[in-house]
Amino acid sequence: MNVAGSAREKKLAALLAELPAGLLLTAPEDMERYTRDWTGDHHGLPLAVARPRSTADVSRLLAFCSQNGIGVVPQGGLTGLVGAAVASTPRDEVVVSLDRMNRVRSVSPIDYAMVVEAGCILEDAKAAAEAQDRILPITFGAQGSCRIGGNVATNAGGFNVLRYGMTRDLVLGLEVVLSDGRVWNGLKLLRKDNRGYDLKQLFIGSEGTLGIVTAVSLKLFPKPSQIETALVGLRSVADAMELYARARRECSDLLTAFELILRGGIEIALAARSDFREPFETVCPVYVLIEASAGGRVDLRAILEDFLIGASDLVVDGAVATSRAQAAQLWLLREVMVEAQGRGGRYLRTDVSVPISSLAGFVDDALAALSASHPQALAVTYGHVGDGNIHLNIVPPVGMGDPADIEHLFHEAEMVIFDVVDRYDGSLSAEHGIGRVKQAAFLERVDPVSLDLAFRIKRALDPAAIMNIGRLLPSEETDERGDP
Ligand SMILES: Cc1cc2nc3c(=O)[nH]c(=O)nc-3n(C[C@H](O)[C@H](O)[C@H](O)COP(=O)(O)OP(=O)(O)OC[C@H]3O[C@@H](n4cnc5c(N)ncnc54)[C@H](O)[C@@H]3O)c2cc1C
């Protein structure tokens, strides 16, 4: 008799008996689309996939799982980049997909706020806000697939953080189902509320380890009537940082994006699309994509052009978009670069941050260290300058096919990058979180007091130890560092 098999079948039978019909998928072919994330690097077969329709469904499910010790993996749009939203096959976990809880509950233009269910796709939430002449500013490449609950659980950043902040800065309130099934209703529209601990902050960025977010109230902003976009070429990252400092002074809060791309990234985009041309005549080592936006009473174009003319000691060449289509083309260059960087294969992703004042030094030192340690690997460097956040990604040399060699390269290159991050007192994850992928490096660096506090919070909110076990924090049952 297969004991493991029968334990799995018993759990499954109990789940099916407890939960309303139509809530669970259990056939492997039905569960397939919930088993693999965007990277393709992480996949796992769950015990079942639950697709709740309501907060009450989530509550009933978690109460049952907690009473029966069944592990739970909250899942949004599967675009997370640290392997935290797919099941770990040996654990017999239940994936809880929020994809059916995708309603926009309300948009209040006067409150500059909206309430959406956690399974709402970010792009749909943005469209609902725009329909009321407001914007939800969270913006990044995966916005057509990721879901609001995932954005909250990862505290997503993106292009507009320098003006509007991270997701954490945009959340007014949350509705969360706790691991024991109780519903915490913290779904407020209040801008100011000093009644004790700000509990919602615990769940933002918690990577599904403390509860399931079922709804979110979010801050909205006036929809800008003007948006100006420019791509400029520069001599060095240090010049890009000087340009940023001046832009903050001269364009102040009108700046919405300031994206750094090293020449290698532009070449990747040009190679990927035969219809792409050099953005302007001069080939530069460093490029910056600048976006500014404003309401109707400001001559935004004049501000941006005057600023760029005044910075002619730094700007080698550049193009200011004269239409929305041209602006979209400039952004497409960046998007295609991100998609094409791995040449269709695996690549190492990093999302580190350092103080803004150290960014140029960090990039120079990290690239020098990588070219000394791994001269054959291709480093693709881009990032959000205003947030001190750099993606320094590593593509294996052409011809390196053995997965073990690639894994070894990634491990070593990551250590080289993280060592430089440590020297600059930076963070090994500015955006994507820890999940399974960054756990070992995180545990090597986290101070004991922070780790102790994190475990206390975890035990208090998830006493049955069912929520996303082995992601972010190691499981306490064993001494494991990471999931099987
Ligand atoms: C092309 C691309 C570009 C990206 N660009 C950026 C970027 O610029 N900035 C940035 O910050 N990130 C970026 N990301 C990663 C980003 O974290 C995710 O895209 C997004 O925030 C995750 O949302 P998701 O719905 O896909 O979550 P998933 O991948 O499904 O889940 C991510 C984590 O959240 C948990 N989770 C999901 N839903 C819930 C819920 N309702 N309650 C509790 N926990 C939950 C999961 O268990 C998991 O730990 C990018 C990803 C891609 C693929």
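Which strands does helix 4 lie across? Helix 4, residues 122-130, lies across strand 5 and strand 6, and runs at about 145 degrees to strand 6. Here helices (H or I, at least four residues) and strands (E, at least two) are DSSP runs numbered from the N terminus. Axes are lines fitted to C-alpha atoms, for helices over the stretch in contact, with angles from 0 to 180 degrees between N-to-C directions.

Before I continue, please note that this is a predicted model, in which local features need pLDDT of at least 70 and side-chain atom pairs count only at pLDDT 80 or more, while totals for chains, interfaces and linings use all residues. Residues are numbered from 1 along each chain as its sequence is written, and side-chain values use heavy atoms, without hydrogens and water.

Five strands form an open, antiparallel sheet in the order 5-6-10-8-9; two strands pair if DSSP finds at least two bridges between them. Strand 5 (104-108) and strand 9 (183-186) each have a single partner strand, so one side of each lacks a neighbour in the sheet. From one strand to the next, the twist averages 10 degrees.

Within this sheet, strand 6 (residues 113-117) and strand 10 (residues 211-219) pair in the antiparallel sense over five bridges. Val115 has Ser217 in strand 10 as its bridge partner. Helix 3, residues 55-68, packs on the sheet and touches strand 5, strand 8 (171-178), strand 9 and strand 10, where contact means heavy atoms within 4.5 Å. The direction of helix 3 makes about 45 degrees with that of strand 8.
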